[in-house]
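Please work through the exercises below with the sequence and the model at hand. Each task is followed by a solution in steps.

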Amino acid sequence: MTPLIEPQFRWVLEHLRAPQNVGPSTIMLMGDGPLHWTEWRDALFAQGRDVYFPDQYHATLLVGRRNWSKALILDLLEARQGLKVRIMSQEMMLAWLTTRQNPFDDTPDRIRELWGDHPVYQFLDGVDGDGPGFDWPSLTVPEEPADDPTVLVGGWGAGLLSAAGYRVGADGEHAPTRRAALRRAYESDAVLAELPEAKRAYCGYARSWRRLEVIATAIAKQYWLGRSREERALANFHWEQDLYWLRAEFYQSDRDARRWFDWPRLDAPEDNE
């Protein structure tokens with residue numbers, strides 16, 4: 001079967017711009033191919049859908065064949081542990097919208113046949129050696145809870161906080177000590193010295209809006225993942241209070257930060273489909 005070429009693909013998408021009750025109402029976008037992600041954004045907006053960059057609050061990620069990020073996908077999978085995540089190629093989203101049939105309702109073997117050789121699915125399967133080996137047709141991300149709920153583990157910002165001495169929960173620190181650690185994480189590059197180069201680059205410069213975003217997102221993610229776990233109640237209280245402090249101390253007076261990212265929410269639903 002000959003695949004659609006780009007002009008044909010674009011023509012079909014353009015004629016789907018009328019609102020329709022098919023597929024997810026909120027969609028995250030990443031990467032290009034066959035079409036640029038902005039073309040999908042405009043078409044989805046025209047259908048009345050909400051469109052986001054990848055974050056931990058939403059369950060459907062629409063990916064292209066080029067310009068996608070392994071790091072962001074791994075971060076998304078970690079954030080959605082124990083929850084659903086639907087990672088869809090542009091081709092399969094188009095098939096869903098045109099046939100009005102959810103391809104993930106089919107059998108796992110059939111789903112893998114439909115996705116074919118898409119590079120994102122090869123990465124998810126671990127074919128290139130770097131991927132997570134995530135059984136993505138099952139939708140639910142395996143949950144791997146931390147042995148110690150008082151320590152931030154995993155994630156691209158957690159290493160920064162751990163290196164700064166930030167600890168919460170029953171074995172954590174009092175508020176002044178925790179907030180001194182948060183200030184070090186935000187204001188000092190020295191705390192990054194022992195982190196891998198990729199994580200140092202991801203965390204941005206000291207006192208930058210990017211550094212503040214990484215810290216706030218890491219805390220919000222841990223709160224969100226542990227909000228239903230009784231053993232994390234005290235840790236969650238500390239994360240919540242410290243996130244409010246960070247916002248008042250740094251975010252509200254930083255024009256660049258307020259321009260470039262929205263402060264993380266703590267009221268995200270369990271499964272935003």
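## Exercise 1: the surroundings of Thr 60

Leaving aside residues up to four places away in sequence, Thr 60 touches Pro 24, Thr 26, Ile 27, Met 28, Arg 86, Met 88 and Met 93, where contact means heavy atoms within 4.5 Å. The model is a predicted one, in which local features need pLDDT of at least 70 and side-chain atom pairs count only at pLDDT 80 or more, while totals for chains, interfaces and linings use all residues. Residues are numbered from 1 along each chain as its sequence is written, and side-chain values use heavy atoms, with hydrogens and water left out.

Task: Find where Thr 60 is located, and decide whether Thr 60 is buried or exposed.

Solution: Begin with the element, since Thr 60 is found in strand 3; helices (H or I, at least four residues) and strands (E, at least two) are DSSP runs numbered from the N terminus. Next, take the relative accessible area of Thr 60, which is 0%, so that Thr 60 is buried; buried means under 20% relative accessible area, exposed over 50%, and partly exposed in between, with a 1.4 Å probe and protein chains only. Finally, look at the side chains of Thr 60 and Arg 86, which are joined by a polar contact of 2.7 Å (a pair of N or O atoms within 3.5 Å; within protein, one must be able to donate a hydrogen and the other to accept it, and residues adjacent in sequence count only if both atoms are side-chain atoms).

## Exercise 2: a loop residue

Task: Locate Asp 106 and classify its accessibility.

Solution: Asp 106 lies in the loop between helix 4 and helix 5 (108–115). With a relative accessibility of 37%, Asp 106 counts as partly exposed. Asp 106 and Pro 137 are 31 residues apart in sequence, and their C-alpha atoms are 9.2 Å apart in space.
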